[in-house]
Amino acid sequence: MVSEDSIESPNKPLPTFKNPHFQQKFRPTANFGKKRIWRSLKQVLTQERALPWPPEVVHYSSINAPPSSKPPKKYSDISGLPAHYTDPQTKLYYATADEFMTVRSLPMDITAGYLALRGASSIVG
């Protein structure tokens with residue numbers, strides 16, 4: 001059997017998170033004697049919002065994004081598992097036969113509540 005030490009090549013440097021002698025250098029000085037400015041996430045976001053972005057650019061802080069090309073995933077209204085089935089009467093999603101029996105036995109006000117939680121536009125009535 002080959003040991004783990006012989007698998008790794010001795011010339012390959014260890015990643016910094018595995019190096020036992022690694023020390024983080026906080027606020028290192030540059031060649032000109034300036035200290036590096038550390039900014040919080042809020043400061044970085046504010047600075048990026050102030051940049052002159054063209055209106056058609058889509059970035060992480062813009063609300064307008066193109067529609068997804070993938071169909072939305074459906075999850076069971078009862079258990080939250082990925083649902084492959086829809087009850088034609090109540091329009092609730094379910095994943096297993098046991099959930100189907102539960103969906104069929106629910107009163108209409110509970111069914112309407114599940115549909116409202118999911119944001120379905122057609123409420124059973």
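What share of the 125 residues in the protein is buried? Buried residues, defined as those under 20% relative accessible area with a 1.4 Å probe and protein chains only, make up 13% of the protein. Residues over 50% are termed exposed, and those in between partly exposed. The model is a predicted one, in which local features need pLDDT of at least 70 and side-chain atom pairs count only at pLDDT 80 or more, while totals for chains, interfaces and linings use all residues. Residues are numbered from 1 along each chain as its sequence is written, and side-chain values use heavy atoms, with hydrogens and water left out.

The protein contains four helices and two strands, taken as DSSP runs numbered from the N terminus (helices: H or I, at least four residues; strands: E, at least two). Along the sequence these elements follow the pattern α-α-β-β-α-α. The accessible surface, computed by the Shrake-Rupley method with a 1.4 Å probe and, for residues, with only the protein chains shown as cover, comes to about 11,400 Å². Carbon and sulfur atoms account for 59% of this surface. Among contacts (heavy atoms within 4.5 Å) with a separation of 6 or more, 15% join residues 24 or more positions apart.

The largest nonpolar core consists of five residues, Leu92, Tyr94, Val103, Leu106 and Leu115. Such a core is a set of buried Ala, Val, Leu, Ile, Met, Phe, Trp, Tyr and Cys residues joined through side-chain atoms within 4.5 Å. When residues up to four places away in sequence are not counted, Leu106 touches Ile78, Leu92, Thr111 and Tyr114.

Helix H4 spans residues 108-118, and its buried residues are Thr111, Ala112 and Leu115. Viewed down the axis of H4, these buried residues fall within an arc of 100° and therefore line one face of the helix; the arc is that of the directions from the helix axis to the C-beta atoms. Exposed residues Asp109, Ala116 and Leu117 are carried on the face of H4 turned away from its buried side.

Two salt bridges are counted, each being a side-chain nitrogen of Lys or Arg within 4 Å of a carboxyl oxygen of Asp or Glu. In one of them, Asp77 pairs with Arg118, and the closest N and O atoms are 2.7 Å apart. Because Asp77 lies in the loop between H2 and E1 and Arg118 in helix H4, the pair ties together parts that are 41 residues apart in sequence. Asp77 is buried at a relative accessible area of 15%, whereas Arg118 is partly exposed at 30%. A salt bridge also joins the side chains of Asp87 and Arg104, at 2.8 Å from N to O. Asp87 is in the loop between E1 and strand E2 (93-94) and Arg104 in helix H3 (residues 97-105), so this pair links parts that are 17 residues apart in sequence. Asp87 is buried, with a relative accessible area of 0%, and Arg104 is partly exposed, with 36%.

Lys91 lies in the loop between E1 and E2 and has a positive phi near 65°. Most residues other than glycine have a negative phi. The relative accessible area of Lys91 is 39%, so this residue is partly exposed.
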